[in-house]
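Work through these exercises with the structure open beside you. Try each task before you read its solution.

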Amino acid sequence: MQKLCQICGADAHGLHFGAISCRACSAFFRRALLSKKLRKTCKNENLCTDFSGLKTPACKICRMRKCIKMGMKPQTLQKVSRSVEIFVGRPNMVIFTTNTIKKRNYVDVKNLVAAAFEILKFGAPTPLSNNLSQLERMSLEVSYSTGKCQKLDTICKNSFSEVWKFDFLTAAKWLTQLEEFTMLPMKIQMQLLQAIWSVFGRIYKSGKTVELRKTQGENSRTMNLSDKHYVEMENTKIDMSWLSPYPFEQIMAFFCAGSDACETHMMIEDIAKMELSEIELTYMTAQLCFQYAETRFAGTELSGICDRFLKILANDLHEYYMSDTFGNRNYASRIMKMMKINQHLQRAIRLQREKTLIAHTFDIFIADFSHPEMFVDSGC
C-alpha cells in the first residue's frame with residue numbers, strides 16, 4: 001500500500017530527515033534550514049493544516065512546525081546526498097558544518113565606488129583626440145606595459161584590494177572614452193560599471209598576460225594582475241582567510257583550479273597565437289563586457305544600451321580592419337577566433353557563479369560586501 005506523506009498527505013517517496021514524506025516537503029525542510037528568511041509568524045494564528053499547496057500557498061511556519069512534529073530533525077541535514085560534494089569537490093563534513101559563533105568579514109568598498117564616481121562625473125584625467133575612433137580611444141586609455149611589473153610571492157587581502165582598485169578604476173576610465181556612455185544618467189553609468197568591471201579585468205589581463213609571457217620565455221606560467229604586479233601561480237602562497245575559514249588547499253575547487261586552470265592556460269595560448277593588436281584586444285574586452293551585461297540585464301533599458309555599444313564598436317573595428325594600419329589579413333576568421341575565446345570565458349563565468357553560490361549557501365565564503373552587486377561574478 002502506498003504510504004502517505006506525514007506532512008501534506010501526498011504520496012510519500014521514503015524516509016527524509018527522519019519522517020516519511022514526499023519530495024516536496026523534504027525539499028521545503030532542507031530550504032527552510034538553510035534559509036535565514038523564514039517568516040516567524042502565521043497569518044492564521046498557527047491553525048493551518050493544508051500543506052498541499054493545491055488551494056492556497058502553504059504557510060511556511062506552520063509547515064515547518066508540522067515537519068518537526070512528525071520527526072524531521074535538523075541534524076540529519078548532514079546526510080544529504082553526496083552529489084553536492086562531488087560537484088564542489090569538498091567533503092560533506094566541511095560544507096554542512098554549523099558554527100553559531102562563526103564570525104563574518106565585512107569588505108567596505110564605498111571609497112572605491114566614490115573614486116570611480118568622480119571619474120565618471122568628470123571624465124578621464126587625460127582627454128584623447130577626437131580624431132580617433134571610440135575604439136581607439138578606449139584602447140589608448142587602458143593600455144599599459146608589463147615590462148616593469150613585479151612578482152608577488154603572496155596573494156592576500158591587500159593584494160585583492162589593490163587588484164580590485166586597479167580593475168574598477170581602469171574600467172571606469174575606459175568607459176568614459178565611449179561617447180554614448182557619457183550621455184547616460186549617472187545611475188545607469190554606475191550600474192553598468194559595477195556589473196562589468198570584473199569581466200573587464202578578466203579578459204583584458206589575459207591579453208596582457210600574453211605580453212608578459214613573451215618576455216619571460218615560452219614555458220612561463222605567469223599571470224598578469226595589474227600594471228604593477230604578476231604572479232607565478234605554482235609558486236605563489238595564497239591567503240584567503242579574509243574570504244573563508246578553510247585553508248586554500250581545501251577550497252581550491254571553488255576557484256580556477258584543475259581542469260579550469262588548464263583551459264585558462266589553453267585560452268591564453270590561443271590569444272598568443274593570434275598576436276592581437278591593442279585595438280583587437282580592446283574590442284574583445286568590450287564585446288565580452290557588453291554581451292555579459294546585455295544578458296545579465298535582459299529585458300531592461302540597460303540591455304538595449306549595451307547592444308548599441310556593441311554596434312558602435314563593431315563599426316569601429318571594421319574601419320580599423322579596412323585601414324592601412326591593419327593591412328590585408330583575413331579579418332573574418334580573426335573575429336571568429338576572438339568570439340570563440342569570449343564564448344569560453346562566458347561559460348567559465350557561468351560555472352564560477354554556480355560555485356560561488358554554493359560556497360555562500362553553505363558558509364564556505366564568509367565575506368560580506370558593502371556593494372554586493374559589484375561582486376556577483378567576481379568569484380568572491
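Contact means heavy atoms within 4.5 Å. Keep that cut-off at hand for the first exercise. The model is predicted.

**Exercise 1. Find what covers the buried residues of helix H6.**

Solution. 
- Step 1: Locate H6 at residues 134–142. Seven of its nine residues are buried, so the helix is mostly covered; buried means under 20% relative accessible area.
- Step 2: List the buried residues of H6: Gln134, Leu135, Arg137, Met138, Ser139, Glu141 and Val142.
- Step 3: Look for their contacts. The cover includes helix H7 (157–175), helix H8 (179–182), helix H9 (186–216), H12 and helix H13 (301–322).

**Exercise 2. Is methionine 284 buried or exposed, and what does it touch?**

Solution. 
- Step 1: Methionine 284 lies in helix H12, residues 278–296.
- Step 2: Check its accessibility. The relative accessible area of methionine 284 is 0%, so this residue is buried.
- Step 3: Set aside residues up to four places away in sequence. Methionine 284 then touches Ile203, Leu276, Met338, Ile341 and Asn342.

**Exercise 3. Classify the ring pair of tyrosine 320 and tyrosine 321.**

Solution. 
- Step 1: Start with the total. The structure holds 15 aromatic pairs.
- Step 2: The ring centres of tyrosine 320 and tyrosine 321 are 5.6 Å apart and the planes meet at 45°, so the pair is tilted.
- Step 3: Check the surroundings. Both tyrosine 320 and tyrosine 321 are buried.
- Step 4: Look for a cluster. Ring pairs link Phe160, Trp164, Phe168, Trp197, Trp242, Phe369 and Phe375.

**Exercise 4. In what order do the strands of the open three-stranded sheet lie?**

Solution. 
- Step 1: Read the order as S4-S7-S6, with mixed pairing.
- Step 2: Name the edges. Strand S4 (150–151) and strand S6 (222–224) each pair on one side only.
- Step 3: Follow one pairing. S6 and strand S7 (residues 229–232) run antiparallel, joined by three bridges. Threonine 222 has glutamate 232 in S7 as its bridge partner.

**Exercise 5. How far does helix H14 reach from its first C-alpha to its last?**

Solution. 
- Step 1: Helix H14 spans residues 331–361 and has 31 residues.
- Step 2: It reaches 45 Å, close to the 45 Å expected at 1.5 Å a residue.
- Step 3: Look past the end. Aspartate 363 follows H14 and has a positive phi, near 55°.

Technical notes. Residues numbered from 1 in each chain as written. Predicted model: local features only at pLDDT ≥ 70, side-chain atom pairs only at ≥ 80, totals over all residues. Heavy atoms only, no water. Phe/Tyr/Trp six-rings, centres within 6.5 Å; stacked < 30°, edge-to-face > 60°. Buried < 20%, exposed > 50% of the residue type's maximum accessible area, 1.4 Å probe, protein only. Helix = DSSP H or I, 4+ residues; strand = E, 2+ residues; numbered from the N terminus. Expected span 1.5 Å × (residues − 1). Pairing = 2+ DSSP bridges.
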